[in-house]
Every structure is written in C-alpha cells, then in structure tokens.
Amino acid sequence: MSRPTTAATLPQDDLLDGLDPEQRAAVTAPRGPLCVLAGAGTGKTRTVTRRIAHLISAGHVSAGQVLAVTFTSRAAGEMRTRLRELSASGAADPTAGLVQARTFHAASMRQLRYFWPRVMGEVPWQLLDRKFPVVRQAAQRARATTDPESVRDFAAEIEWAKASLIAPEDYPAIVAGLDRQVPAPPEVVAAVYENYEAIKSSGDTMYLDFDDLLLFTAGALEDNAVVAEEFRDRYRCFLVDEYQDVTPLQQRVLDAWLGGRDDLTVVGDANQTIYSFTGASPRHLLDFTRTYPDATLVRLVRDYRSTPQIVDLANTVIGQATGRIAGMRLELIGQRPAGPAPQFTEFDDEPAEAKDVARRISSLLASGTPASEIAILFRINAQSEGYEQALTDAGIPFQVRGGEGFFQRAEIVQAMAALRAAAEREDLPEDAPLPTLVRAILAPLGRTPQPPSGQQARAKWESLVALERLAEEIQGLGEPLNLVTLVRELQSRASSRQPPVVDGVTLASLHAAKGLEWDAVFLVGITEGTLPISHALGERGSGGLPEAIEEERRLFYVGITRAREHLAISWAQSRSAGGRRTRKPSRFLDTLLPQQRAATAAKKRPARSVTVPEMDEGLFAALKDWRLNAAKEQGVPAFVVFTDATLSAIAAERPGSESELVALPGIGPAKLERYGADVLAVVANY
C-alpha cells in the first residue's frame, strides 16, 4: 500500500499557479509572523492552504509540525479537503505526520486527553456537553430565576465571562464599566457563575465544559515545563483562520502553544467582526504588527465573488465605519464582469415586502437561477415567519438555516398549545378584543410589555411578538374572527409549511449567513430598530452605543458581501397591513440613498422600487484613465485620488455642477477643490 503523497514532493511553481500577486505574496512570505488581511470573496482558503503547502514543500517545516485552527468544524473540514488536494494532508490519523486542521476546541481536547495524567494525575474528567441542568442547579442555589430562557441566558453569560477571562468574583465590577446587557443583576449572575464552577468539580469526576478545555490546555502548557517542551517540540508552525473572531481565552491558548515563538500566520478581516457578544474581538488582529514588529502584512482585496456593483456598495457601507485603524482597512476591488445594479425598495408594510420578495424570487427561478442559490437574510429569526408564508403561498421550496421554521420553534409550539387550550374554554369574555385576548394568553409565556435583557429571553419574546402580530394581520384580512377561528387559521398555516429541503431558497439570519454565499440575496427589514437592532440604539436621544452600532454596520456589510450577482435591499414603513407608516429606513442606507431618505420624510408613497442609476461603463473607463494620469503626476496610488466606488457614482449620476458633484459619496471640499473642475470636464467631454 503506497503512502500518501506529501506536499514536499510537489513542485513549488505548481502551488503558485493561478494566484494573483497579493495571494502569491502571502503564500511565499518568509517563515515567521504573517498577517493576511483577507476581504470577503478574496480567495482566503485557497491562499492559506497553499501557504501551508509551500512551507512544507520548501522544507521550512514538516507536515506533522503544522497546526491550523479555525472556528467551525465545517471550515476545518474544508481546509483539510483543500490540503488533501494539495497533498499536504492525506489521512485522518494525525500521527501519520500530516497537517492538522481543527477547531480551537477540538485541538485542545485532543491535547488535554493526552497530557491530563501528567497534569492532574488520577483525577478522572468528563466533557460536560449539556450544561443546562448544571446551570439550572446553580441558579436554584443562587435563588435566581430558573425558567428555560433565563437558564440559557445565564449559560451564555458564563460562556462570555470565561471566554473573556473574567472570574466570578471579578464579574460585577467589570460589567459595571461596560455597555453590556446582562440577564440579571451582576451580583446574581456572579453567584450563579460561582455555583456552576463549584458544582462541576464537586464529585469524584471533574466535569469540564468547552471553555474549560481551553483553560486547562493553556494552564497545562503554562505551568508544566515538561508538557510545554513536548508540545512545542511536536508543533512548530501555527495558522489561525478568522483571527478577527478570537476571544481572550483563545488568544491565551495560542500564546501558550507558541511559547514565545513567532512562526504564526493569522488570517482575518476586521470588517467582518460580528461576534463580540461571545467575547470575540478584532483587537488581536488589529494589533498584530505591534505585537510582531517584524511581521509581514499582506492585503487580499481582489473580490472574485461579487460583481463590481455589489463590491462598490459594500465599500461604501464599510467606508462609513468609525474607529478603524487606517493600516488595517480593506477596500475591495471587484474582479467579476459587471452585473445588475443593487435594488432598493420601500414598502408600505411587511406583508407587501414579503409578497414582493417571493414574486421576484419566482422570476429568478423562471430565468434559471436554482432555488439553492437564493437567500433571504434578516436580522432576527422572528422575521422569518412572513417570508416562510409568502414562499409557501407562491409554491417555492425553502429551508431555514441555523434554526427551525417559525412554527417549529419551541416557544411557538408552546404558544399554539396555550391558544388551543384557551379556545376550548367557555369562561373567556366574549366582548374582549381579539388582540387583547391573544396578548393575555401569551403573557405568562414571556410576552411582557418590554423586551427582556437576556439574549435567549429576548429571542423568545420576539417570536411571541411576531405571533401576536400575525394574529393581528389575520384579523385585518376582513373576515370576522374569534379565538377558535384564529387558532384554526394558525394551524392551517403551520401545517402548510413545507419541510426543509436541500434544493430550496435559504432563509437565515445575518449571523447564520456568515461564511456562505449565493447568486441572489434579499436583505429584508432594513429599518431603524431592526438593523441596527433596537438595543444598539441605547436610550432615546442618545444616538446609540457607538461600538454596538459599528458591529451592526459590519453585520450589514457581511450580508451585502454574501451576494454574487443579484442584491435586493428592502424595508417597510409599517409592520402590518394598514398600520401606521412610522418606521424609517436604516441609517446605514443614508449614504446609499440620500435622496430616498428626503423623499420618505416629505410624504408617504405607495410601495415603490428605487434602483441605483445604471453606471455608464464608457464614462467610468474615461474617469479611470483620468485618475491614472492624475495619480502618476502626484506619485500616489490611484485610489488616493478617488476610489472605484466614487468613480462609479460619478459615472452613474453624471454631475453637471460642483454642487451635484460634492453630493456624491467620497467627495469632500478638499477633493472638490483639487479635482472638481477636471472631473466635471471629463463628464462634459464624454
């Protein structure tokens, strides 16, 4: 039986085939600290796997001395597949001298199982894969609330604290200085946290949760010189993917692995940091060149995923971000042929929005776009209900990613049971308005007047509110309803929903869409209070919490960059048909459609589609020629004069005066004074 081929047998030139200059620079960078800033769609996985294969092929490191870590099993599997194709890896057995590609937790668990006897002796340990019962017991001891949502919120807060390296006794003081919503008073959370840790280690067997895997692994390497020496003799080269999402705990593990060495490649994009609620921070990525002054820094900016129109839109959105380190900013450059302009559509209400999205999806399907290449993305899972119903009514198959369909969610199943039970009672007031009755039935289940602070409790509350609004919508259809007929209609809708299928339109939250891509993406419900989410807005009149607002902006950016060719962004002025049209488009749309904002404020209009003007390709080419000459004369890169996004806006709007020119994004007074006359001349001459 022949041994698997290793990357050392591959010609290095083959590893560089098909790479662009920036990818090639990352692959061939000297062994040592390397930071790859990889924008969306820039071929990140292709680059980092060839980097590993190149190091092995060049003899800098053997395959068995490489440890690559990423954040999901799916990403680790994809990396292993790519390495296998490059013959840098070829077997599941890591002892065969092949590259390991694992998640942080999987790598730590394997190491801990090996080193445990030398670190902890005969004390047995077991992985705590279900922490809910232990957290509930800890909450009971602390006399805290123990309903399922509160317990889940306590569990999530404990995970955040451990990922942030915050001990129970330090928790109250630390969170007091943060703009962080906590599920209970900090002292109560700290008591639950302390009880939880005590319960896990109170028996003959020590129970470790997933965060403990990292803590104990770091501790073993930090405190035991023999263990550290053996580990560091085995692993010499490290690669960390999605480095913008590392937590302080994961960074501690990485530091313990390195032990002062610097043979480290990190890959990330601060523009895609969207998990700060779990403790993730882009700070380690942003500070990498300060931590390693001799590090090589490579930017991957050529976007092979999306059309230039989508890329320019994404650049405009993220270009408004504040607090970014200039040296770490990425401006993508689209590499695909031009495609259709992104569409922006405002609707009177959410049912109309959902119905129109289903209509446009039907057109895409009829034109040959596979259902599996279409996605509807929203901020919170509770928004999915209207789109599930609209797709069902249109006969379009769909699947809900990252969670159950609306009527399959535990809180909705429970609420439906409560509504059915109430409908069978004979003592309900006959003259009570149906919405009031529904709210009263849902109140004991968590439908409080104000949203709760815990993440899980808030998600349940949002689903119950969505069910209540659905009841109001059904009542607004015109037919007389009582509780019995309402329950019958809800059951009919629930039973008509198609089960998840592989070849169907994807419905997903923006968080669940991270790392995925589709030919056509519909970003829906883009209103103030939804994106950015209401709790990022802070107190009324405060202008919002800056860090939270910026994370919401990055979430919008992630949604935009999921689309390859077709992108539609929509919002509704009212939640329900016939409701008051008081909702406003998201602030993130201000720079994209400044005239649309003014028109909306001026008067109410029926549903309308506002499409960005088509860019004149010839004028765009003429502007690029002018920009190139201007850049050469000044000895600066072309983008310093104007970005592609700004030139695209000029080519689309064709300004005829300085006032029209300065209204476009990317043109301020200084650039107007320096380049305004020349740009207007190019437009006029063309």
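Let me start with helix H5, whose buried residues are Phe-104, Ala-107, Ser-108, Gln-111, Leu-112, Phe-115 and Trp-116. Buried here means under 20% relative accessible area, exposed means over 50%, and partly exposed is in between, with a 1.4 Å probe and protein chains only. Helices (H or I, at least four residues) and strands (E, at least two) are DSSP runs, numbered from the N terminus.

Before going on, a word on the source. This is a predicted model, in which local features need pLDDT of at least 70 and side-chain atom pairs count only at pLDDT 80 or more, while totals for chains, interfaces and linings use all residues. Residues are numbered from 1 along each chain as its sequence is written, and side-chain values use heavy atoms, with hydrogens and water left out.

Back to H5, which covers residues 104-120. Where does this helix have a kink? The kink is at Tyr-114, about 50 degrees, shortly before the proline Pro-117. The bend at a residue is the angle between axes fitted to the seven residues ending there and the seven starting there. After H5 comes Gly-121, with a positive phi near 70 degrees.

Now the aromatic rings. Rings of Phe, Tyr and Trp (for Trp, the six-membered ring) pair if their centres lie within 6.5 Å; planes under 30 degrees apart count as stacked, over 60 as edge-to-face, and the rest as tilted. By this rule there are 17 aromatic pairs. One of them joins Trp-116 and Trp-125, with 5.6 Å from centre to centre and 40 degrees between the planes, so the pair counts as tilted. Trp-116 is buried, at a relative accessible area of 5%, and Trp-125 is buried too, at 14%.

Phe-238 counts as buried because its relative accessibility is 1%, and Trp-257 is buried with a relative accessible area of 0%. Both belong to a cluster linked by ring pairs, made up of Phe-71, Phe-104, Phe-231, Tyr-235, Phe-238 and Trp-257.

Arg-180 lies over the face of Trp-160, 3.8 Å from the ring centre. A charge sits over a ring if NZ of Lys or CZ of Arg is within 6 Å of the ring centre and within 35 degrees of the ring normal.

Next, salt bridges. A salt bridge is a side-chain nitrogen of Lys or Arg within 4 Å of a carboxyl oxygen of Asp or Glu. How many does the structure hold? There are 34 salt bridges.

Take Arg-152 and Glu-149, whose closest N and O atoms are 3.6 Å apart. They both lie in helix H7 (residues 148-163), three residues apart, about one turn of the helix. Arg-152 is partly exposed at 39% relative accessibility, while Glu-149 is buried at 13%.

The salt bridge between Glu-197 and Lys-162 has its closest N and O atoms 3.0 Å apart. This one links distant parts of the chain: Glu-197 is in helix H9 (residues 186-200) and Lys-162 is in H7, 35 residues apart. Glu-197 is partly exposed at 24% relative accessibility, and Lys-162 is buried at 4%. These two are part of a network of salt bridges that also takes in Lys-200, Asp-209 and Asp-212.

Neighbours within four places in sequence aside, Asp-211 is in contact (heavy atoms within 4.5 Å) with His-105, Lys-131, Glu-159, Lys-162 and Leu-249.

Last, helix H26 (residues 644-653), where Ala-651 is found. Ala-651 is buried, with a relative accessible area of 0%. Its C-alpha atom is separated by 8.4 Å from that of Gly-618, 33 residues apart along the chain.
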